[in-house]
Amino acid sequence: FVRFLNGLEKVEKTIRFFSRKRDGDFYTCHGDDAVYIAQECFHTMSVLKYIGRNKDVPSVCVSVKNFESYAASLLTERQYRVEVWDTNKNAKGGWECVRRGSPGNLEGFEDVVFNGTGECQDTPTAVCVQISNDAQ
């Protein structure tokens, strides 16, 4: 897996989540993505584990509930792209990208961003309205 991970091209402002279904559903992030999720979402580096032969690749596990929250935040507030990779024995390296979203293209993550109801998640929003009595 680490060899496959190292072979992936790193795309700026993109976080990759890897779907794991072995012992219940959860996701993992690795490398710089794991460090970012640990710092910005968990607010601690203690959630990082290290994988690989030399234990030099940071990794973090993310529950489904946290994934949904973080993915929505990454796409709508932080302006990141999000990818979800899942196992596929026919794909190169045994993994394939099954979902891809960006701030301008939420199609792959509508269920996450809109909670399946068509309404956006509770995300802080500011609105400015100026009312004027100028009769021009």
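Two rings of Phe, Tyr or Trp count as an aromatic pair if their centres lie within 6.5 Å. In this predicted model, ten such pairs turn up.

Take Phe17 and Tyr27 to start with. Their ring centres are 6.4 Å apart, which falls inside the 6.5 Å limit, and their planes meet at 85°; planes over 60 degrees apart count as edge-to-face, so that is the label this pair gets. The two partners come from distant parts of the chain, ten residues apart: Phe17 belongs to strand β1 (residues 14–20), while Tyr27 belongs to strand β2 (residues 26–30). Both Phe17 and Tyr27 are buried.

Phe42 and Tyr70 make another edge-to-face pair, with 5.6 Å from centre to centre and 80° between the planes. What about exposure: are Phe42 and Tyr70 buried or partly exposed? Buried means under 20% relative accessible area. Tyr70, at 11%, is therefore buried, whereas Phe42, at 24%, counts as partly exposed.

Aromatic rings also gather in a group, as Phe1, Phe4, Phe18, Trp85 and Trp95 form one cluster. One member of that cluster, Phe1, has a charged neighbour as well: the charged end of Arg20 sits over the Phe1 ring, 4.7 Å from its centre. Elsewhere, Arg99 lies over the face of Phe109, with 4.7 Å to the ring centre.

How values were computed
Residues numbered from 1 in each chain as written. Predicted model: local features only at pLDDT ≥ 70, side-chain atom pairs only at ≥ 80, totals over all residues. Heavy atoms only, no water. Phe/Tyr/Trp six-rings, centres within 6.5 Å; stacked < 30°, edge-to-face > 60°. Helix = DSSP H or I, 4+ residues; strand = E, 2+ residues; numbered from the N terminus. Buried < 20%, exposed > 50% of the residue type's maximum accessible area, 1.4 Å probe, protein only. Lys NZ or Arg CZ within 6 Å of the ring centre and 35° of its normal.
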